[in-house]
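Student: I'd like to go through some labels on this structure and hear what backs each one up. Can you show it to me?

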Amino acid sequence: MYKDISYIFLVFLILSTCSKTPATDTGVVIPESSDQGWLVPFSEIVDNGGGKESIRSINNPTFSEISSSENGYLKDSDLIIGSIANGTAKAYPHRILNFHEIVNDTKVTINYCPLTGTSFGWNNDESLFGVSGLLYENNLILYDHETDSNWSQLLLKCINGQLIKNEPTIETIIETNWKTWKTLYPNSLVLKGKVEQTSNNNDTSVGKERVYTIINKDEKSKIYNFDTFTNGKVIKDLFNNKTYLVIGNENLIVSFELNAAQKNLEFNYSFNNTTSFFSDNEGNKWSVFGLALSGPRKGDVLKTTISVVGFRIAIDDFYPNALTYTY
């Protein structure tokens, strides 16, 4: 009899640990309940076996000039993460991020997950971040140095520890290829570090196609395919009762939430190997970060969205009910 009871218990345990977490109709993954102090099922947390900081973050980054011979390994097609801080443009190559995943720079932590192909910039005024050695849905879990709490990169939320349910403050970054970035920002600095010898940008296996996603954690998110923007395209998209400007080409997509004074502007893709990426019918020229570089609105800044480039399969895992733009 005890053997039968043990068998039944074992079957129940296996079924319970294999069950999928339900998703709300907003497309955000929500666990049924907290499990051992986690916002996501503890049984779905994977330990890479190396422990905390088995992948070493870069905490005191150094940079070279864009023209330096140290950057000779970069090919035009190589992907980089780009940021602007206090007027200084910086590039963080994927070939370095593949080794370190996290760079704690001044005021911003660049975090990259090679398994999901996703990158964000998080404000680090309160604490620096490191690699926890844990994964959720094959996605990076960071920990903060201040409280040792664990943060899901793609959920954009602390999922375990003292700061549970807190959300990071997002800093705007872009992802594009090296050729586009050095054209936009020829005076950029470039992160130094251990370099992966070959690029992994050409993985076209099912689910590994890269897509651009506007993330709305409490509403509908929306996915845009890069081939929609081949040779340059402007999309004004209305969803969640907001007007979005989505603009780009096959190598770079950016998006902004337009206010009442901006949504009637007619925007044009006008990238022609200069710092300006798009323009409008008033004669304003705008950067990829939404700054009006010239024209009557010079100095104005468009509101950037929370967005990410990553593998389609990863976006589907975390935002399974996201809309997909079709034309």
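Student: Why is Cys 158 called buried?
Tutor: Buried means under 20% relative accessible area, exposed over 50%, and partly exposed in between, using a 1.4 Å probe and protein chains only. Cys 158 comes out at 0%, so it counts as buried. This is a predicted model, where local features need pLDDT of at least 70, side-chain atom pairs count only at pLDDT 80 or more, and totals for chains, interfaces and linings use all residues. Residues are numbered from 1 along each chain as its sequence is written, and side-chain values use heavy atoms, with hydrogens and water left out.

Student: What makes Cys 113 buried?
Tutor: Its relative accessible area is 2%, so Cys 113 is buried too.

Student: How many disulfides are there?
Tutor: A disulfide is a pair of cysteine sulfur atoms within 2.5 Å. By that rule the count is zero.

Student: Which strand pairs with E3, and in what sense?
Tutor: Strands here are DSSP runs (E, at least two residues), numbered from the N terminus, and two of them pair if DSSP finds at least two bridges between them. E3 (residues 79-85) and E13 have four bridges and pair in the antiparallel sense. Within that pairing, Ile 80 stands opposite Thr 176.

Student: Which way do the E13 residues point?
Tutor: Ile 174 and Thr 176 point one way, Glu 175 and Asn 177 the other, and all are buried.

Student: What joins E21 to E22?
Tutor: Two bridges do, with the strands antiparallel; Ser 279 has Lys 285 in E22 as its bridge partner.
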